[in-house]
Amino acid sequence: MVSLRFPFSFSQPPNPRHRSSNSFSSAAATFAVAAAASGATVAAGIAIFRDPTKSFLQNAFNFFSNHQSSSPFWASLSIADNPSSVAEPKTGVLFPSSLNDSQKLLGTGLRKKSVLGLKNIDVYAFGVYADDGDLKRLLSEKYGKLSISERKDLSEDLMEADICMTVRLQIVYSRLSIRSVRSAFEESVGSRLQRLGGSDTKELLHRFTSQFKDEYKIPKGSLIDLSREKGHVLRTTIDGKEVGNIQSKILCRSILDLYIGEDPFDRQAKEEVELKLVSLLQK
């Protein structure tokens, strides 16, 4: 039974104390924050407090007077923005823009799960990758000159073609167990295998789900990679460790169908993947 108790912490209301009569102290504190935010975070802090015989503002003034340059100090401020990563918008989880140098990120999404019909929890964020060379070699002839509105069969062809792809899952629900992952795949992958291959797929499903052994721990931030390699081989890794590989076209297709098929976990993510595909194929 999944616990529905989610610990939340609420910020305390401010303590209604009297403001200090010394307005310069407040200004000095504000100045210190600004200095720390500049490119000289550590150096500023050391220099400003270096001489206890001088006032705080005098030390601060001397520091910045002695460190003038052609650019103002706020020019060194930078935003923690890594162009090699892309954030999944709902969770902020970062995904590298490429895997193994050749697989490009096509889109990101979020897997939600209803708990007792009362609450949806964010289970994991995911990123969909595909080999750039394979895409252009196998799909550009058909889709290279099509408009975005003409991409009707694009996801279908992507799932069918022998294109190297990876769906990376990053766990965001801190109470998720490997047993829950195994059970969820038994349901979601199982239904797709049955639709694609009939009732003879039970053994195939068991081979896949048995890879997720109880001994594996998947705390928040853990990575699960489901990679389709050449020849329709599905390779599964957990936090970089391979846990199994299975050669099966319908298994690979069933996995991809969860994310870019007719009834995906995140429809907006599927749209993003298709738009990115059209953009790549028209280059």
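**Entry 1: two loops**

I looked up Asp-239 and found it in the loop between S8 and S9. Helices (H or I, at least four residues) and strands (E, at least two) are DSSP runs, numbered from the N terminus. I am reading a predicted model, where local features need pLDDT of at least 70, side-chain atom pairs count only at pLDDT 80 or more, and totals for chains, interfaces and linings use all residues. Residues are numbered from 1 along each chain as its sequence is written, and side-chain values use heavy atoms, with hydrogens and water left out.

Phi of Asp-239 is near 50°, a positive value in a residue other than glycine. My cut-offs are under 20% relative accessible area for buried, over 50% for exposed, and partly exposed in between (1.4 Å probe, protein chains only).

Next I checked His-232, in the loop between S7 and S8. Its phi is near 60°, again positive and again not in a glycine. His-232 counts as buried, at 11% relative accessibility.

**Entry 2: strand residues**

I moved to Leu-234 in strand S8. Leu-234 is buried, with a relative accessible area of 3%. What does Leu-234 touch, not counting residues up to four places away in sequence? Its contacts include Phe-208, Leu-226, Gly-244, Ile-246, Leu-251 and Ile-255. Contact means heavy atoms within 4.5 Å. I also checked Leu-234 against Met-165, 69 residues apart along the chain. Their C-alpha atoms are separated by 9.5 Å.

I then picked Asn-120 in strand S5 (residues 119-131). Asn-120 counts as partly exposed, at 49% relative accessibility. Leaving aside neighbours within four places in sequence, Asn-120 is in contact with Lys-113 and Ser-114.

I went through helix H7 (residues 202-209). Which residues of H7 are buried? They are Leu-204, Leu-205, Phe-208 and Thr-209. These four cover an arc of only 125° around the axis, which puts them on the same side of H7. The arc is that of the directions from the helix axis to the C-beta atoms. I recalled that an α-helix has 3.6 residues a turn, so residues three or four places apart point the same way. The face turned away from the buried side of H7 carries the exposed Lys-202, Glu-203 and His-206. Among the elements covering the buried residues of H7 I noted helix H6 (178-197), strand S8 (233-238) and helix H8 (249-260).

**Entry 3: helix pairs**

I compared axes, which are lines fitted to C-alpha atoms, for helices over the stretch in contact; angles run from 0 to 180 degrees between N-to-C directions. H6 and H7 pack at an angle of about 150°, with their axes 10 Å apart. That makes H6 roughly antiparallel to H7. Angles under 35 degrees count as roughly parallel, over 145 as roughly antiparallel, 65 to 115 as roughly perpendicular and the rest as oblique. On the H6 side, the residues that meet H7 include Arg-182, Phe-185 and Val-189. On the H7 side I found Leu-204, Leu-205, Phe-208 and Thr-209.

The axes of H6 and H8 come within 9 Å and cross at roughly 120°. H6 and H8 are therefore oblique to each other. Phe-185 and Leu-193 of H6 are among the residues making this contact, as are Leu-251 and Tyr-259 of H8.

How do helix H4 (residues 132-143) and helix H9 (residues 267-281) cross? Their axes come within 9 Å and cross at roughly 85°. That makes H4 roughly perpendicular to H9. The contact includes Leu-135 and Leu-139 of H4, with Leu-277, Leu-280 and Leu-281 of H9.

**Entry 4: the cores**

I looked for nonpolar cores, meaning sets of buried Ala, Val, Leu, Ile, Met, Phe, Trp, Tyr and Cys residues joined through side-chain atoms within 4.5 Å. The largest has 52 residues, and Leu-135, Phe-185, Phe-208 and Tyr-259 touch the most other members. H8 gives this core its largest share, seven residues. A second, separate core of seven residues includes Val-93, Leu-99, Leu-105 and Ala-125. In soluble globular proteins, nonpolar side chains tend to be buried together. I listed what Leu-135 touches beyond four places in sequence; Leu-106, Ala-130, Leu-158 and Ile-163 are among the residues.

**Entry 5: totals**

I counted nine helices and nine strands in the protein. Of its 283 residues, 40% count as buried. Of the contacts with a separation of 6 or more, 64% are between residues 24 or more positions apart.
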